Amino acid sequence: MVSMKEIARRCNVSVATVSKSLNGYSDISEETRNLIQKTASELGYLPNSSARALKTNRSHNIGVLFVDESRSGLTHDYFNHVLESFKKTAEEKGYDITFSSGNISGQKMSYYEHCRYRGVDGVVVACVNFYTDEIQELLRSELPIVTIDHVCDGKIAVVSNNVQGMEELVTYAFRKGHKKIAYIHGDDTAVTKNRLSSFYRTLKRFGIEVPDEYVLQAPYRNADEAAERTAQLLDLKDPPTCIFCPDDFAAIGCINEIRERGLRIPEDISIAGYDGINIAQILEPKLTTICQDTAAIGRTAAEKLVELIEHPKTTLIERYTINGILFKGASIKDMNKV
């Protein structure tokens, strides 16, 4: 294995200079730094992570806690893009990623215990039930933590602007002439509450009262239950002209139920999704939806967590809100042209 001593001999500098250069210290000239890094690369030098941890008191390892209720893991269409952006940014800043499972060789650990066991420098928490005792234990710990799509007291949060997104979606449908808009919303989470409040508030601003039977619940990413709720809405004496689905994946269930009845989208019934996953642009007709900026969410979460790890005394504990973009698609009929 190539050592710093060999690099120092090749470059005719001290071992201390090599160490400072490879660890990003600013008191090394650009010319010397470039020479050392070029030589290290040519010799195939790889830093020893254990030795680096002893010197810096950091593992340069970030924990990722991601447990969605549907147990979809990294196949989750929305969060896998968020986490890919998070991973890419963290790696660019010199950090590795470890997923926290709470299970080591069959031995059950709490999430906090697992993070301590792995020696992570900080944790990003996404898509979990934030109110369980296990998550609360982690949030109360000394570990630097950033949450995604959930706001906790005393923690940096990166959230998608669900209020803005739903407002744009409702406004678009209303301007297309729809006044009977139903909403199949997701599970009872902070994300859902913001979307639902924005849904009611925007329609109220347009002078529209929403009948109770127009608002139903189905789990996120559950096409079968979304189909059942769609059937309930279509069976009403006065059915809606437009149905908002919990998310784009669940919208597939809505589409299947509509087509099984011999109805056409958007000619007979309009629908919209939420998230902006790839399938929304593949469906025919293309699904009207809100595209969440997963790249910005993941990147911001990584940047703020690294900042909190490296500069804990000066990093502000704030909420960072990321706007989405309306994808108009072709699944909402223009009632004004009827």
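**Close-up 1. Surroundings of Ser85 in the predicted model.** Apart from its neighbours within four places in sequence, Ser85 is in contact (heavy atoms within 4.5 Å) with Thr294, Ala295, Gly298 and Arg299. Ser85 lies in helix H5, residues 79–92, where helices are DSSP runs of H or I with at least four residues, numbered from the N terminus. With a relative accessible area of 12%, Ser85 is buried (under 20% relative accessible area, 1.4 Å probe, protein chains only). The model is predicted, so that local features need pLDDT of at least 70 and side-chain atom pairs count only at pLDDT 80 or more, whereas totals for chains, interfaces and linings use all residues. Residues are numbered from 1 along each chain as its sequence is written, and side-chain values use heavy atoms, with hydrogens and water left out.

**Close-up 2. Leu308 and its contacts.** Leu308 belongs to helix H12, residues 294–310, and counts as buried at 10% relative accessibility. Neighbours within four places in sequence aside, Leu308 is in contact with Pro144, Ile145, Ile156, Thr315 and Ile317. Gln292, 16 residues from Leu308 in sequence, is 25 Å from Leu308 in space, C-alpha to C-alpha.

**Close-up 3. Packing of helices H8 and H9.** Helix H8 (residues 162–175) packs against helix H9 (residues 190–205) at an angle of about 40°, their axes being 8 Å apart (axes are lines fitted to C-alpha atoms over the stretch in contact, and angles run from 0 to 180 degrees between N-to-C directions). Residues in the contact include Met166 and Val170 of H8 and Ser198 and Phe199 of H9.

Key: Helix = DSSP H or I, 4+ residues; strand = E, 2+ residues; numbered from the N terminus. Buried < 20%, exposed > 50% of the residue type's maximum accessible area, 1.4 Å probe, protein only.
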